[in-house]
Amino acid sequence: MNSIILLTSFGILNLFVGFRKSNKLILPLVFLFLLIVLAVNFYDWGNTTTYFERMLTIDNYAVAFTGVVVLTTILLIPFAKRYVDEKNESLAEFFSILLFSLVGAIMMVAYENLIMLFVGIEILSISMYVLAGSDKKNLRSNEAGLKYFLMGSFATGILLFGIVLIYGATGAFQITEISAAATAGSGDALTSPLLAMGLLFTLIGISFKVSAAPFHFWTPDVYEGTPTLFTAFMSTVVKTAGFAGFYKLMSVSFAGAYDIWFPTLVAMTVITLGIGNIGAAAQNSFKRMMAYSSISHAGYLMIALLAFNDRSENAIFFYSLAYSVATIAAFGILKLVSDQRDDISYNAFNGLGRTNPLLAAVMTIAMCSLAGIPLTGGFFGKLFIFSAALEQNLLWLIIVAILMSMVGIYYYFRVVIAMYMREPSGERVVVGSSASFALIFMAILTIVMGVLPGLMSNLL
Amino acid sequence: MTGNLFYFLTFLTLFAALGVVFSKNPVYSVLCLILTFFTLSGHYILLNAQFVAAVNIIVYAGAIMVLFLFVIMFLNLNQETEETQHKSTLMKVAGVISGGLLLVIMIAVLKDAELGAVDTANFNSQIGLVENLGQLLFTKYLLPFELVSVLFLSAMVGAVMLGKKETQQRHF
């Protein structure tokens, strides 16, 4: 709750800072704001408080996921430096919208009422529609903004319809009351067909937001057209908050109906893993590959959801942290490289190992983490998810996922090969000191998570 | 009386909604949509929810529909621009099948759906009035109500940002 109030006021304050002619102050200020929010957020660690007629619960689950999304945003700031150099007039607005969208993300991880979930998703989505189209002179960005907006509003409509049907069946928006109403009666959950229909529509709406197949079709185009900085935000914060909210809804409200939603979700998981990984392998553009890779990571996170036991929360937390850090590093390097070389394909990275050893090394670590190579955070993320799934006897699903992550190694290592085994395609990429610092931090964090996973694996 | 009114309004709603889908001219579609919104507001009044009815007319029939009409006329879409011939037959068949499946499922669900019986003795007929709604909004649902302002703020900032003239932009 404190973080929500702080983020909102900081967002408004930041708009006023934007009135100044020079925008040099904005990045340090936003950095400071987010550090304060992060500190205040962890102050709530260990206490469970409910606010306003049980609309919002701040517990360890909410604090942990809020920490992930705020940290991700902090790590993103140094890569916005080019906007300062170019004297972009909308810089303050960009960051105010990011701060506001974090409010939505927090609502999605801490909600206790479906209305809060809906408002949270909307805050996050509307901010993303705007940021997707924020590069006004770029046709691709316009396309991304419009596409995301049209399809996203459609998905929102379906989600809302689902919530209303759930209300019609149970008479409650409160997630605990829904569970009580759903399991009451004959002991068989989901006795009411209305509830099943509502659950299905809610599933569709949330799956769209986290880009799980078959509701992923917007992802490649939107991610490719969106300015890289905001693509990074979209593929990390939205996904983390989306899955945290998704898991909370399923585990609190529909735990009794596991047998009913399991077949649907398991089919979706297999399709998501397949489309994400095989689609990514077919791409020539690095950014598009990352879009498909984000679909495939949604698939892995869905396995944790399907495992549905006491390990799932920790697995989702650890995986989304490892995924977010590695993705921000990859997109950050892509932004630095593509700003200079004006290319988002694999060729942009040719010979980076020779011209910029630091960027190449961090990129390699990030790719290893995304591919799930040992000694990186991504390996343990996958390990925790698979071991949670093993407890639920989902061995065949794990085998599918491992096969798919082998495909993943192919496309993640294409960029490593380009960096180390090709002739340089351009000059040395200029990297600011804050960006290198952030990249080193992310590389260290990824390796620490891969060497000492116990530090974070049992938090929840 | 109200029963007949209900059926009349429902007939009109469905008729207008079908008109939205089937009319070839986008302007007629929009006009049908306005009729749909008005008849829906009629339904709200039958349910004794005057506030929702008024808001529905002001927001949807007033603001959003004017925007629709404006955009359609602005983009000169009112002549028939049939895009359908670009779609392959396979796409059309797939669309019809999946839409039909959804319809079948919905019909099956609604056939079996049992809504809780209304307790007519203790039913508060004033529940949809603006006073009750306001009380609920400012007590039980205060937090979402206030947080929606963040949503609007973020949408407003975004709209201004996207609509703002850039210094080096050409002025048409």
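Where in chain A is the place of Ser211(A)? Ser211(A) sits in the loop between α9 and α10 of chain A, and the report returns to that loop below.

## Basis of the model

This is a predicted model, in which local features need pLDDT of at least 70 and side-chain atom pairs count only at pLDDT 80 or more, while totals for chains, interfaces and linings use all residues. Residues are numbered from 1 along each chain as its sequence is written, and chains are lettered from A and ligands numbered from 1 in the order in which they are written.

## Backbone features of chain A

Helices here are DSSP runs of H or I with at least four residues, strands are runs of E with at least two, and both are numbered from the N terminus. Ser211(A), in the loop between α9 and α10, has a phi near 50°, which is a positive value in a residue other than glycine.

A residue is called buried if 20 or more other C-beta atoms lie within 10 Å of its own, exposed if 12 or fewer do, and partly exposed in between, with C-beta atoms placed from the backbone. Ser211(A) counts as buried because it has 27 C-beta neighbours inside 10 Å. Asp342(A), in the loop between α14 and α15 (352-355) of chain A, also has a positive phi, near 55°, in a residue other than glycine; Asp342(A) has 9 C-beta neighbours inside 10 Å and therefore counts as exposed.

## Nonpolar cores

A nonpolar core is a set of buried Ala, Val, Leu, Ile, Met, Phe, Trp, Tyr and Cys residues joined through C-beta atoms within 7 Å. The largest such core has 181 residues, of which Tyr319(A) and Ala329(A) touch the most other members, and helix α14 (residues 312-341) of chain A gives the most to this core, with 18 residues. Two residues are in contact if their C-beta atoms, placed from the backbone, lie within 7 Å. Apart from its neighbours within four places in sequence, Ala329(A) is in contact with Val362(A), Ala366(A), Leu439(A), Met442(A) and Ala443(A). A second, separate core has five residues, among them Val30(B), Ile34(B), Phe37(B) and Leu40(B).

## Chain B and its domains

Chain B has six helices and zero strands, and buried residues account for 12% of its 172 residues. Among its contacts between residues at least 6 apart in sequence, 54% join residues at least 24 apart. Chain B is divided into domain 1 (1-78) and domain 2 (129-172), with bounds that come from an automatic or database domain assignment; the centres of these two domains, taken over C-alpha atoms, are separated by 24 Å.

Helix α2 (residues 26-46) of chain B holds Tyr28(B), which counts as partly exposed because it has 14 C-beta neighbours inside 10 Å. Between Tyr28(B) and Phe145(B), which are 117 residues apart along the chain, the C-alpha atoms are separated by 36 Å.

## Where chain B touches chain A

The contact takes 33 residues from chain A and 22 residues from chain B. On the side of chain B that touches chain A, α4 (89-112) and α6 (142-163) each supply at least two residues, and α6(B) gives the most, with 14 residues.

By class, this side of chain B has 16 nonpolar, three polar and three charged residues, where Ala, Val, Leu, Ile, Met, Phe, Trp, Tyr, Cys and Pro count as nonpolar, Asp, Glu, Lys and Arg as charged, and the others, Gly among them, as polar.
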